[in-house]
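I opened my notebook to look a few things up. My entries follow the structure below.

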Amino acid sequence: MSFAWAKPYEPKTELGRWMDERMPLPRLVFNAVGGGYPVPRNLNYGWNFGVLSGIFLTIQIITGIVLAMWYFSSADGAFTSVEHIMRDVNAGWMMRYAHANGASFFFIVVYIHIFRGLYYGSYKAPRELVWMLGLVIYLLMMATAFMGYVLPWGQMSYWGAQVITGFFSAFPLVGEPIRIWLLGGYAPDQATLTRFFSLHYLLPFVIAGVVILHIWSLHIPGSGNPTGVDVKSEKDTLPFHPFYTAKDGWFAAAFLTIYAAVVFFAPNSLGHPDNYIPANPLATPAHIVPEWYFWPFYAILRAFTADFILPAKLWGVLAMFASILLLFFLPWLDKSPVRSGAYRPVFRRFFWLLVVDVLILGWCGGSPATPFFVALSEIASAYYFAHFLIILPLVSKYETPLPLPSSITASVLHGEEAEAAPIGQAAPAN
Amino acid sequence: MIRWIARLIGFAFVVVLLWALGSNLKAYFQSPPPATAEHEFHKEPKELHLASNGPFGRFDKQQLQRGFQVYKEVCSGCHSLNRVAFRDLHALGYNEAEVKAIANQWPTEVASINPETGEPATRKAIPSDYFPSPYANETAGRAANNNALPPDLSLMAKAREGGAAYIYSLLTGYQNQPAALLKEFPTAKTPAGLHYNPYFANLNLAMPQPLTSEGQVTYAPGNPKPTVDQMAKDVAAFLVWTAEPNLQGRHKAGWPVILFLIVATILAYLSYRNIWAEAKRKVAPVGPMDPANKAKRTRASKKAGIDE
Amino acid sequence: MATLEEKYAEQIEADHSLRRRDFINIAAVSFAGVGAVAVALPLVNQMNPPADVLALASIEVDISKIAPGQAIKTSWRKQPVFIRNLTPKEISEANAVPLSELRDPQTLAERTKPGKENWLITLGVCTHLGCVPLGVGEGENRGPFGGYFCPCHGSAYDTAARIRQGPAPLNLMVPDYEFNSDTVVTIG
């Protein structure tokens with residue numbers, strides 16, 4: 001790593017030395033998450049969600065492999081095989097509920113991870129690639145989650161596949177052929193189910209690969225921190241192990257307790273009852289919604305109801321894709337030299353407004369398309385785009401940030417409450 | 001450059017959204033959507049307390065047996081239960097011989113073939129069989145029910161918003177269409193062949209009231225009186241079991257897992273505090289930040305007129 | 001300042017007996033280990049046969065049409081079952097073999113039901129590596145001992161389906177079965 005004071009790897013045993021000379025895998029681990037990776041000492045609990053995402057990816061892969069041992073990707077047999085897992089396979093219900101709720105928790109954790117990055121400016125130089133690789137992971141997660149939701153072949157699975165592939169038909173000329181190509185037919189059927197199963201099995205391993213790149217690119221500049229101030233000396237850091245392994249460890253145990261409570265006591269609370277009805281291509285459920293983690297995007301899709309030069313449907317689909325893709329440009333939209341939102345009073349207010357806005361979008365996306373919710377999602381979507389594309393560039397240009405602490409250690413010594421006020425300077429009126 | 005493009009795109013989206021908002025609001029105020037009978041007269045399910053509710057929920061086998069009896073004598077004429085096998089009835093407290101007898105005497109026989117000729121035939125059910133459907137296929141089910149296919153009941157308690165409470169409410173919710181409804185929505189009169197039920201999403205249900213009178217099913221001695229309410233509760237409880245036979249096992253497995261994780265969390269937290277104690281002392285308030293020195297510094301700051 | 005810090009460090013070392021401090025770390029890590037094992041158990045257990053397979057039906061077979069000297073093959077728990085109606089000659093051949101000559105000593109009487117010694121019901125799974133032996137169908141190779149012959153690795157069974165030659169260690173297995181009547185047998 002790029003830190004002069006990072007502890008060198010010293011194999012303690014003869015076997016360790018033997019291994020290190022031939023294939024230095026223990027050295028790699030030591031330098032990645034061991035004593036060889038110095039981490040800013042002032043990380044708050046927002047930084048625990050990266051490791052936690054990795055834990056949930058692992059849970060999903062393990063339970064998914066188990067489920068694939070019993071699942072049939074056949075239009076006739078998929079629903080029955082899932083029920084067979086639930087009823088007859090040993091601990092099958094546990095595997096399935098762990099997997100279905102694991103997806104939800106994976107998204108919860110990743111959303112907190114993303115918003116932490118947004119608040120503390122983790123997308124800024126020199127970590128732009130870390131941010132963009134993270135977004136790639138997020139896109140892959142969305143694809144994986146969508147295809148996984150289709151697999152039980154219930155009503156929501158089926159109509160989800162129908163509606164989401166329908167996005168593509170919004171594009172003129174090429175749209176409909178693309179949709180038919182994606183489905184392998186005119187409507188979701190055997191071909192769709194089998195290819196979704198194949199890709200649903202593949203993509204998590206692609207995600208795992210991109211996660212390695214994500215961590216690799218993170219470890220070049222090192223982790224950010226709540227002050228956004230660069231690490232200046234050894235005093236500012238602690239080795240990852242044992243300090244952050246211990247912190248991540250206890251936090252993961254606490255979070256897994258909540259997860260277990262949902263898996264064992266409310267496993268269907270995040271799902272939709274209609275997915276316990278086998279797929280019926282002749283009848284759409286009264287109120288179709290995607291899984292909760294897609295609700296904000298679903299609200300943006302539905303907010304575009306009027307033709308304006310382009311057809312409303314195309315606007316909706318373009319906006320939905322744009323709402324994610326614009327995040328790739330964030331490092332260049334927000335040019336403020338100060339990373340952390342803690343020192344950016346104006347940015348901070350807009351940030352919390354964005355959080356509320358996304359929650360409102362989620363609420364709208366999960367509710368039926370009544371006039372009230374459509375109107376609300378129109379206002380909330382407008383703010384979403386305005387926030388990233390208009391407000392953020394302007395804020396970064398005109399905002400006066402608070403004075404930064406001279407170093408991480410200075411900030412820690414000063415106490416978190418008043419960390420914006422370095423020694424000897426007047427505290428900001430706040 | 002990139003920010004100018006971003007601003008343009010952002011502006012475009014905002015304009016289109018506000019345009020859509022404006023036209024929606026205009027349409028709403030010019031012609032507000034008419035009120036519907038469903039919106040005003042649909043009721044949320046009544047409360048239903050079952051032994052299986054809550055994180056400590058257990059099945060009440062006695063009640064499940066009664067519910068099974070109601071299913072067998074009332075529902076099974078039209079509704080299949082094809083994800084449940086006779087062997088699963090062991091969980092209700094029936095022994096091997098009883099399960100065999102239930103399977104053997106089930107009114108609908110299992111489809112099979114004549115071993116001599118290969119012609120379609122039926123045979124008596126055995127414990128490993130799933131409950132046979134009352135109709136040979138979907139078309140037969142529709143034909144016998146005025147084109148309204150009676151749904152399979154196996155997953156009903158998970159496939160409807162409200163679950164068991166919904167089933168219970170629906171079964172006990174049949175009534176005459178309220179006069180107020182007809183007065184307000186004269187066109188919403190329940191069509192012939194349908195039945196008014198405020199717990200059903202569109203208020204009019206193809207299924208006639210299945211549980212009509214007390215004593216429709218005769219419970220074994222020692223059980224509560226088979227009122228309509230009691231029978232509806234029992235069959236709702238039974239359908240919770242058919243939808244999730246592992247519910248009790250799930251609750252039982254959950255508590256040790258949660259307790260283990262809580263203890264693990266506490267231990268891991270103590271371990272974390274223990275490890276970090278060292279790191280925190282390394283930046284412990286020494287020098288000018290030492291509490292003793294800090295008081296001095298504050299005094300000095302005050303003297304110098306620096307407001308901390 | 002450095003001296004102060006050093007002093008602090010020394011004091012800490014002295015204050016805390018290392019043992020007690022390590023104990024909590026060891027306890028936490030061991031708990032994680034126990035948790036990992038506990039998670040592994042259902043992951044391994046799920047590969048066992050599910051409830052529907054365990055509950056697979058016992059089958060009823062009509063044996064009225066099997067003439068002496070003939071055999072039929074039927075399927076029970078997805079495995080072949082041989083039902084053979086032995087001729088008196090086959091029975092006497094089987095009974096003539098001294099038990100000491102057998103690799104897996106069993107008499108014919110032990111392998112059949114009393115009064116029904118002519119009905120030999122066995123799994124059609126060679127005890128060597130699980131192939132289906134020949135000898136049921138008309139004209140199939142019944143091997144040097146006139147019972148069944150496994151073509152995979154040359155195990156030969158006698159008229160009581162006992163192993164006589166070749167690599168198989170045990171006689172063909174006799175499943176649980178019962179005669180419902182003279183003509184119907186329930187296997188399983």
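This is a predicted model: local features need pLDDT of at least 70, side-chain atom pairs count only at pLDDT 80 or more; totals for chains, interfaces and linings use all residues.

**Entry 1**

Helices (H or I, at least four residues) and strands (E, at least two) are DSSP runs, numbered from the N terminus.

Residues are numbered from 1 along each chain as its sequence is written, chains are lettered from A and ligands numbered from 1 in the order in which they are written, and side-chain values use heavy atoms, with hydrogens and water left out.

**Entry 2: rings**

I looked for aromatic pairs. Rings of Phe, Tyr and Trp (its six-membered ring) pair if their centres lie within 6.5 Å; planes under 30 degrees apart count as stacked, over 60 as edge-to-face and the rest as tilted. By this rule I get 72 aromatic pairs over all chains. One of them joins A:W292 and A:Y293, edge-to-face, with 5.5 Å centre to centre and 75° between the planes. A:Y293 is buried, at a relative accessible area of 3%. (Buried means under 20% relative accessible area, exposed over 50%, partly exposed in between, with a 1.4 Å probe and protein chains only.)

B:F86 and B:W106 are also edge-to-face, because their ring centres are 5.6 Å apart and their planes meet at 70°. B:F86 is in the loop between α3 (61-73) and α4 (96-104) of chain B, and B:W106 is in the loop between α4 and β1 (110-113), so the pair ties together parts 20 residues apart in sequence. Both B:F86 and B:W106 are buried.

I then checked for charges over rings (NZ of Lys or CZ of Arg within 6 Å of the ring centre and within 35 degrees of the ring normal). The charged end of B:R7 sits over the ring of B:W4, 4.8 Å from its centre. B:K46 lies over the face of B:Y168, 5.2 Å from the ring centre.

**Entry 3: salt bridges**

How many salt bridges are there over all chains? I found 25, counting a side-chain nitrogen of Lys or Arg within 4 Å of a carboxyl oxygen of Asp or Glu.

A:D334 and A:K124 form one, at 3.3 Å from N to O. A:D334 lies in the loop between α13 (330-333) and α14 (345-366) of chain A, and A:K124 in the loop between α5 (92-119) and α6 (128-150), so this pair ties together parts 210 residues apart in sequence. Both A:D334 and A:K124 are buried.

Next I checked A:E176 and A:R179, which form a salt bridge at 3.4 Å, N to O. They are 3 residues apart in helix α8 (residues 175-183) of chain A, about one helical turn. A:E176 is partly exposed at 36% relative accessibility, whereas A:R179 is buried at 11%.

**Entry 4: a hairpin**

Last, I turned to chain C. Strand β5 (residues 146-150) has 4 of its 5 residues buried, so it is largely enclosed by the rest of the structure.
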